[in-house]
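Please look over the sequence and the model below. The report that follows covers covalent links, ring contacts and pockets.

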Amino acid sequence: QVQLVESGGGMVEAGGSLRLSCAASGRIFRINTMGWYRQSPGKQRELVATTTPTGRTNYADSVKGRFTISGDNAKNMVYLQMNSLKFEDTAVYYCNGNIKASGWSLGQDYWGQGTQVTVSS
């Protein structure tokens, strides 16, 4: 089994910064992708950013130029540096990993428990 644990959420004023961290542990053969999604009340969960072990990244248009995703392959960790935060960035942020538990298994999506980010206007 694989566990994802997030940290780093909190409350910040608009224009401020926060850094989220996510650690993957357990039975990990290979990480295909790791990333961040967010969900605010009344809305569907949406992609924020993803990264691969080779460093290929993908961002939602709404966060491009403000958020930076990075990973530490040796530690099975992923980070999200969030700058110039806006009120509309307020949401629960979830860490996601598409991870193979063994060489013959398919990649499976795992989720963290979520961490609240609140931006005051």
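The sections below take the disulfide, the aromatic contacts and the pockets in turn.

## The disulfide

The model is predicted. A search of the whole structure finds one disulfide. Its partners are C22 and C95, with an S to S distance of 2.0 Å. The torsion about the S-S bond of C22 and C95 is about -85°, so this disulfide is left-handed.

Where do C22 and C95 lie? C22 sits in strand β3 (residues 18-26) and C95 in strand β9 (residues 91-100), so the pair ties together parts that are 73 residues apart in sequence. Both C22 and C95 are buried.

## Aromatic and charge contacts

A pair of aromatic rings is described by the distance of the centres and the angle of the planes. One aromatic pair turns up in a search of the whole structure. The rings of Y37 and W111 have centres 5.1 Å apart and planes at 70°, so the pair is edge-to-face. Y37 belongs to strand β4 and W111 to strand β10 (residues 108-111), so this pair ties together parts that are 74 residues apart in sequence.

Is W111 buried, partly exposed or exposed? W111 is partly exposed, at a relative accessible area of 37%. The face of W111 also has a charged neighbour: R45 lies over the face, 4.6 Å from the ring centre. Elsewhere, R19 lies over the face of Y79, at 4.2 Å from the ring centre.

## The largest pocket

Rolling a probe the size of a water molecule over the atoms shows where empty space is left. The largest pocket holds about 210 Å³ of space. Its lining has 13 residues. Which of them lie nearest the centre of the largest pocket? They are R38, S40, K43, E46 and E88. By class, the lining of the largest pocket splits into six charged, five polar and two nonpolar residues.

## The second largest pocket

The second largest pocket has a volume of about 170 Å³. Its lining includes I31, T33 and M34, along with T51, T52, P53 and G55. G71, D72, N73, N76 and M77 also line the second largest pocket. β4 gives the most, with three residues.

How do the residues of this lining divide by class? Seven are polar, four are nonpolar and one is charged in the second largest pocket.

Technical notes. Residues are numbered from 1 along each chain as its sequence is written. This is a predicted model: local features need pLDDT of at least 70, side-chain atom pairs count only at pLDDT 80 or more; totals for chains, interfaces and linings use all residues. Side-chain values use heavy atoms; hydrogens and water are left out. On a 1 Å grid over the protein atoms alone, a cavity is a set of points where a 1.4 Å probe fits but cannot get out, and a pocket is an open set with protein on both sides within 12 Å along at least five of seven lines; lining residues have an atom within 4 Å of a point. Grid points are joined across faces, edges and corners, and a volume is the space filled by probe spheres set on the points. Ala, Val, Leu, Ile, Met, Phe, Trp, Tyr, Cys and Pro count as nonpolar, Asp, Glu, Lys and Arg as charged, and the others, Gly among them, as polar. Helices (H or I, at least four residues) and strands (E, at least two) are DSSP runs, numbered from the N terminus. A disulfide is a pair of cysteine sulfur atoms within 2.5 Å. Buried means under 20% relative accessible area, exposed over 50%, partly exposed in between (1.4 Å probe, protein chains only). Rings of Phe, Tyr and Trp (its six-membered ring) pair if their centres lie within 6.5 Å; planes under 30 degrees apart count as stacked, over 60 as edge-to-face and the rest as tilted. A charge sits over a ring if NZ of Lys or CZ of Arg is within 6 Å of the ring centre and within 35 degrees of the ring normal.
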